[in-house]
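Work through the exercises below with the model open beside you, and try each task before reading its solution.

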Amino acid sequence: MKRLLIMASLLGAAPALADEGMWTYNNFPSSKVKEKYGFAPSQEWLDKVRLSSAKFGGGCSASFVSADGLVMTNHHCARGCIQQLSTAKKDFIANGFYAKTAAEELRCPALEVSQLLEITDVTEQLNTATKGLTGKAYADGLKAEMARLEKDCTTSEQFRCDVVTLYQGGKYNLYKYQRHQDVRLVFAPEHAIAFFGGDPDNFEFPRYDLDVTFLRAYGKDDKPVKAEHFFKWSEHGAKEGEATFISGHPGRTSRGLTVSQLETLRDVSLPKILFRLSEIRGQLTEFQNRGAEQKRISTNNLFGVENAFKANKGKLEQLSDKNFFAQKVAAEQELRTKVNADPKMKAKYGAAWDEIARAQQSYRELRKDYESQENGLSSQLFWTARALVRLADEQGKPDAERLRGYNDANLPQLKVQLMSKAPIYPELETLQLAFAFTKLREELGTEHPFVKKVLGKESPRSLATRLVKGSKLADLKTREQLLAGGKAAIEASKDPMIQLAVLIDPDARAIRKRYEEEVDAVVRKNSELVAQARFDVYGTQIYPDATGTLRLSFGAVKGYVQDGKQVAPFTVMSGTFDHATGEEPLALPKSWLAAQKTLKGTTPMNFVTTNDIIGGNSGSPVINQNAEVVGLVFDGNIQSLGGDYGYDETGNRAVSVHSDALIEALRSVYKADRVLRELRPDAASGKGGSGQ
């Protein structure tokens with residue numbers, strides 16, 4: 001894998017003319033875009049693009065693509081919904097789905113799509129609230145002011161407000177979202193073409209995927225949302241050299257972290273994550289071999305694990321590269337030298353890096369207990385139990401004193417998740433909990449008080465089996481009663497999963513409190529100082545690390561060189577059949593084999609652009625300067641896996657489905673005229689729809 005070069009932004013200065021940066025909408029470098037591509041996005045253009053974009057679920061991107069609330073995202077982003085709507089008799093993951101009429105659109109059990117309405121700078125309010133504070137006082141002051149700002153902003157359940165930390169605390173913005181909680185499935189292709197090539201092709205190029213799903217947002221009147229802002233479809237799609245823009249929600253990057261933080265990631269966090277993912281992958285693979293139903297209910301889990309493993313492996317390889325890391329060290333030393341050369345800056349910022357390093361040592365000492373007790377038990381039933389237990393406790397407190405995530409502004413979304421009608425599978429739950437209990441004992445040791453409290457005299461398998469068999473939390477009415485009954489209902493509950501959550505919550509809260517005060521508060525406070533030092537030295541025209549919030553990147557359709565060979569920027573639909581072997585994961589679905597002769601083989605299938613993206617951008621629209629859809633992001637190439645820590649335009653590429661391929665597949669393979677008429681009426685076949 002080609003190693004990244006340290007770009008100017010990593011030294012703190014704004015990038016020159018590289019297509020670098022996941023830019024916030026209130027600090028987009030239109031002049032730089034004009035200098036390179038001859039087009040300067042206006043404020044009106046930016047507002048339209050922002051309001052046409054959407055956040056999808058908990059970690060993906062999407063966009064509105066029709067006036068009737070049609071939403072486009074990736075198949076792998078909507079997999080949770082698709083699987084939840086599936087049964088053993090109707091497997092929409094394997095066989096695809098198409099609603100030929102509005103009445104056939106199926107509501108996703110626990111899905112939210114949201115639009116970013118407003119951005120407000122609240123840096124002054126947060127800095128005032130935490131001025132002169134450190135440690136616990138700083139953590140409490142920051143949490144309280146964030147909760148106040150979010151509560152004042154959230155005027156009804158139709159909205160959600162989040163305080164977003166930018167530049168590691170150098171700035172804070174308040175984001176106000178319009179929430180759409182009634183989201184219904186309209187169209188999804190088969191898994192075999194949506195993830196054609198499987199894990200071997202993941203993060204690779206050339207690719208031949210139709211990774212798309214269309215859904216529809218509905219209002220409270222049970223009618224489709226009338227979208228005032230949406231992306232129209234390009235008539236001709238993207239061409240080589242054409243400027244492209246990607247509007248989406250990149251997860252998290254670590255380009256602004258200090259060297260000590262990167263060392264912790266390299267030496268502690270990432271290796272642990274990879275070991276854990278490897279074991280989970282093995283367990284899920286074995287589980288899938290038990291039978292067809294086990295494979296059906298766990299495929300989504302395995303997809304997520306394999307994707308995460310490959311992504312984190314790329315991150316570790318990047319940080320393990322000595323030349324790359326030496327450049328990170330040099331960049332930090334340059335900034336610290338400039339700070340120390342100025343007595344005023346040295347007095348204000350000089351100790352910040354050492355304080356962050358001290359917090360990293362504290363984290364290493366707390367890590368086992370914190371990760372095991374606060375984050376170690378992963379299963380849907382246990383998550384539900386803990387959320388109900390904590391919600392009952394937190395609602396009795398002033399909003400400013402609650403755990404983050406349980407504030408008034410967060411409650412509508414939390415309650416939707418708790419009341420989801422999504423199925424819970426006992427056999428899979430037992431597998432996940434037994435593994436979690438085994439790792440808990442392995443990590444902390446058999447004599448650890450927390451291990452003894454959780455396991456008692458039981459084995460991990462027997463405890464997991466007893467908890468899952470005895471719990472009634474899969475029943476919606478049981479959850480409704482516990483939610484309505486509050487603390488009294490929780491205390492009276494005989495549900496073993498609730499009882500476990502009650503038993504261990506004091507320990508988990510205690511270690512979380514230590515982490516927040518000894519690690520998080522110290523890092524946040526001193527990261528603010530590092531960010532301010534960077535502003536003082538290099539200026540403010542730089543982009544912040546990704547935070548899972550809406551960003552806009554610019555770039556162009558462009559190939560690259562790999563292993564001395566030129567990689568063309570496009571693949572074509574005929575290449576999909578050439579790439580197929582007839583065996584998983586390169587076996588095409590029957591619908592595609594049947595349509596091979598009618599498909600226009602020269603239609604562009606997938607393509608790459610120089611846009612700077614990261615995980616979370618999946619489902620983002622690729623648009624041209626007319627704000628028209630020319631593609632749909634679904635991946636990055638292998639060179640992009642180090643993009644968490646830097647960007648190198650020579651090889652880093654975003655991988656997308658071409659807009660023409662989407663139209664051609666809907667028309668020639670799926671006869672999905674109902675969808676086509678919303679996207680491009682001229683492209684409809686006029687032969688009527690026939691779903692899978």
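The model is a predicted one, in which local features need pLDDT of at least 70 and side-chain atom pairs count only at pLDDT 80 or more, while totals for chains, interfaces and linings use all residues. Residues are numbered from 1 along each chain as its sequence is written, and side-chain values use heavy atoms, with hydrogens and water left out.

**Exercise 1.** Describe how helix α10 (residues 292–320) packs with helix α16 (residues 426–444).

*Solution.* Two packed helices are described by the angle between their axes and the distance between the axes. Helices here are DSSP runs (H or I, at least four residues), and strands are runs of E with at least two, both numbered from the N terminus. Axes are lines fitted to C-alpha atoms, for helices over the stretch in contact, and angles run from 0 to 180 degrees between N-to-C directions. For α10 and α16 the angle is about 50 degrees, and the axes are 10 Å apart. Angles under 35 degrees count as roughly parallel, over 145 as roughly antiparallel, 65 to 115 as roughly perpendicular and the rest as oblique; α10 and α16 are therefore oblique to each other. Next, in contact (heavy atoms within 4.5 Å), Q294, I297, S298 and N301 of α10 meet E427, L428 and Q432 of α16. Sorted by class, this contact has two nonpolar, four polar and one charged residues, where Ala, Val, Leu, Ile, Met, Phe, Trp, Tyr, Cys and Pro count as nonpolar, Asp, Glu, Lys and Arg as charged, and the others, Gly among them, as polar.

**Exercise 2.** Which helix gives the most to the lining of the second largest pocket?

*Solution.* A pocket is found on a 1 Å grid over the protein atoms alone, as an open set of points where a 1.4 Å probe fits, with protein on both sides within 12 Å along at least five of seven lines, and lining residues have an atom within 4 Å of a point. This pocket is lined by 32 residues, of which H191, A192, K295, T299 and E584 lie nearest its centre. Among the helices that each supply at least two lining residues are α3 (75–85), α7 (191–194) and α22 (590–595). The most comes from α10, with eight residues. By class, the lining divides into 13 nonpolar, nine polar and ten charged residues.

**Exercise 3.** Locate the cis peptide bond that joins F205 and P206, the one that joins E584 and P585, and the positive phi of F203.

*Solution.* Most residues other than glycine have a negative phi, and most peptide bonds are trans. Between F205 and P206, omega is about 10 degrees, and P206 lies in the loop between α8 and β10 (213–218). F203, whose phi is near 60 degrees, is also found in the loop between α8 and β10. Between E584 and P585, omega is about 0 degrees, and P585 sits in the loop between α21 (573–579) and α22.
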